[in-house]
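Biologist: I've got the model open on my screen and I'd like to walk through it with you. Can we take it piece by piece?

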Amino acid sequence: MSSSIGITFPQDFLWGVSMSSYQIEGAWNEDGKGESIWDRFTHIPGNIKNGDSGDVACDHYHRYKEDVDLMKELGIQAYFFSISWPRVLPKGDGDVNKAGLDFYKRLVDKLSEAGIEPCVFLYHWELPQPLQDKGGWVNRDIVQLFADYAKLIGRELGDKVKRWVMIDEPQVVASDGYLTGEHAPGIKDFGSFLKVSHHVQLAQGKAIQTLRDIKSNFQMGAAFNLTPFYPIKDDEKDREAARKLDEFLNRWYLDPLLRGEYPPLAREIGMKPDQEDMNMIHQPIDFLGVNYYTRGIAAYDPTKPLKARVISKNTPTTEMGWEIYPDGLYDLLTRLKRDYNDPVFYVTENGAAFDDKVEKNSRIEDDDRICFLRDHMIAAKRAIRDGIKLKGYFVWSLLDNFEWAKGYAKRFGLVHVDYRTLKRTPKKSAHWYKQVITNNGFTFF
Ligand code: FCB
């Protein structure tokens with residue numbers, strides 16, 4: 001007798017995809033859109049691999065209908081997308097660009113008609129350049145400006161959007177934008193970084209309050225890129241190194257929002273945030289969005305500022321060089337449940353870049369992506385079985401798109417994009433994901 005085993009997800013489990021405006025929209029200077037820090041940054045030679053930019057990207061601004069039809073065809077139930085702040089407010093505040101706002105209204109309408117829940121990241125890294133010219137996230141005025149922007153979007157889209165994240169991955173805004181300088185605005189300055197890491201959290205808190213004032217039944221969340229750190233060996237110094245990295249990259253954002261205080265490392269660095277600020281950051285949320293891609297291995301290194309170093313492992317990695325480690329998702333969720341009072345979770349991003357090959361018949365047999373997603377879903381299911389309130393899973397990403405400093409060289413999509421013709425071709429993983437959604441799980445044979 002043959003039998004098959006498989007896994008099934010809870011009935012109301014939400015299956016989605018996520019993408020971000022700059023990475024897909026293109027139309028960088030059309031219909032009144034203002035310049036963003038990413039427009040400025042990508043137009044400076046040397047900043048982005050192959051001189052790529054998001055000027056055209058996937059041309060989603062003009063092809064959103066086709067893209068939503070594709071989502072519908074794949075059975076996608078929810079879509080996290082971001083709003084380009086300068087498309088709506090070209091100067092960052094003041095006059096609204098009606099054409100830009102209309103684009104998002106049409107997108108939301110189209111999604112709703114298709115039976116796909118529109119979910120919004122208010123900010124996925126596109127600061128209006130005029131605000132950068134006044135200091136960007138270093139200037140504390142940004143907190144109020146962001147809340148005003150949130151209010152506008154909440155009022156305009158709030159009849160159809162109920163699930164919101166304020167700032168996708170605040171840690172990346174601060175670290176990559178102001179410490180390593182790999183992302184726009186390309187600043188490398190520890191003092192600026194510290195201010196930014198605080199201001200993004202204040203802005204997040206104030207915007208959460210502002211949106212709740214518009215509708216009390218909005219589902220308000222935060223989405224953090226979280227990397228669990230493991231010591232390279234079981235020795236006190238390496239464990240301490242893992243703790244430090246965890247505090248600096250994960251708890252720096254988790255603790256203020258969910259506990260109202262920075263982790264101990266903040267005191268060691270000499271940070272003394274005032275209590276009113278901490279109250280502003282410490283907002284009740286309805287869900288915690290987890291963006292999970294990989295883990296980190298930590299080793300003691302007295303030459304580094306944190307006395308800690310991240311080690312690369314020679315294990316299988318994705319094209320990004322990120323170790324494939326599905327158990328990290330389980331460990332992360334378990335630990336977050338324990339340390340932060342059992343929140344409701346969504347995996348708001350999970351996915352992988354691989355060197356997809358287009359066969360002669362235009363098929364893309366991306367089995368490595370299927371394995372990656374399947375193994376992470378198994379880890380997610382294990383977490384649910386163990387009592388974790390995980391309510392949904394969003395694949396990053398529907399389309400291949402502009403992967404920030406790596407340009408178009410890294411492909412994360414379930415759907416291949418030919419950047420010359422902009423033709424979309426679902427990969428094998430897209431068909432596989434459709435089956436997962438249809439069956440609310442999958443079987444192994
Ligand atoms: C996440 C970003 C997303 C994409 C993926 C690969 O950290 O939020 O825009 O770049 O990584």
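Biologist: How much space lies in the second largest pocket?

Modeller: Keep in mind that this is a predicted model, so I'm reading computed values throughout, going by the definition of a pocket as an open set of grid points. Among the 14 residues lining the second largest pocket, the closest to its centre are Phe229, Ala242, Arg243, Asp246 and Arg335. The space in there comes to about 290 Å³.

Biologist: Now the cavities. What is the volume of the largest cavity?

Modeller: The structure holds three cavities of 30 Å³ or more. Ile37, Trp38, Tyr123, Trp125, Val172, Val173, Gly177, His183 and Ala184 line the largest one. Its volume is about 70 Å³.

Biologist: Which element gives the most to the lining of the largest cavity?

Modeller: Helix H2 (37–42) and H8 are the elements that give two or more residues to that lining. By class, the lining has seven nonpolar residues, two polar and no charged. The top contributor, with three residues, is H8.

Biologist: How does the second largest cavity divide by class, and how many charged residues does its lining have?

Modeller: That cavity holds about 50 Å³ of space. Its lining is made up of Ser21, Tyr22, Glu25, Gly26, Trp28, Lys33, Asp39, Gly54, Arg87 and Glu126. Sorted by class, there are two nonpolar and three polar residues, and the charged ones number five.

Biologist: Back to H8, then. How many of its residues are buried?

Modeller: Helix H8 covers residues 170–178 and is mostly covered. The buried ones are Pro170, Gln171, Val172, Val173, Ala174, Ser175, Asp176, Gly177 and Tyr178. So, with buried meaning under 20% relative accessible area, the tally for H8 is nine of nine.

Biologist: Which strands and helices do the buried residues of H8 pack against?

Modeller: Take the strands to begin with: E4 (117–123), E5 (163–168) and E6 (219–225). The helices in that list are H6 (129–132), H9 (190–214) and H10 (236–259). Put together, the answer is E4, E5, E6, H6, H9 and H10.

Biologist: What do the eight strands E2-E3-E4-E5-E6-E8-E11-E12 make up?

Modeller: The pairing along that run is parallel. From one strand to the next, the twist averages 30 degrees. Helix H15 (residues 428–439) packs on the sheet, touching E2 (14–18) and E12 (389–395), with its direction at about 150 degrees to that of E2. What the eight strands make up is a closed barrel.

Biologist: In E5, which residue is the bridge partner of valine 120?

Modeller: E4 and E5 pair in the parallel sense, over four bridges. Within that pairing, the partner in E5 of valine 120 is tryptophan 164.

Biologist: And which residue in E12 stands opposite glycine 16?

Modeller: E2 is mostly covered, with five of five residues buried. Leu14, Gly16 and Ser18 point one way from the strand, while Trp15 and Val17 point the other way. E2 runs parallel to E12, joined by four bridges. The residue opposite glycine 16 is phenylalanine 394.

Biologist: On the E3 side, what is the bridge partner of valine 17?

Modeller: E2 pairs with strand E3 (residues 78–82) in the parallel sense, over three bridges. In E3, the partner of valine 17 is tyrosine 79.

Biologist: One last residue. Why does alanine 99 count as partly exposed?

Modeller: Alanine 99 is found in helix H5 (residues 98–113). Leaving aside neighbours within four places in sequence, it is in contact with Asp31, Tyr61 and Arg106. Buried means under 20% and exposed over 50%, with partly exposed in between. Alanine 99 counts as partly exposed because its relative accessibility is 30%.

Conventions
Residues numbered from 1 in each chain as written. Predicted model: local features only at pLDDT ≥ 70, side-chain atom pairs only at ≥ 80, totals over all residues. Heavy atoms only, no water. Buried < 20%, exposed > 50% of the residue type's maximum accessible area, 1.4 Å probe, protein only. Contact = heavy atoms within 4.5 Å. Pairing = 2+ DSSP bridges. Axes fitted to C-alpha atoms, helices over the stretch in contact; angles between N-to-C directions. 1 Å grid on protein atoms, 1.4 Å probe; cavity = no way out; pocket = protein on both sides within 12 Å on 5 of 7 lines; lining within 4 Å. Points joined across faces, edges and corners; volume = space filled by probe spheres on them. Nonpolar A, V, L, I, M, F, W, Y, C, P; charged D, E, K, R; others polar.
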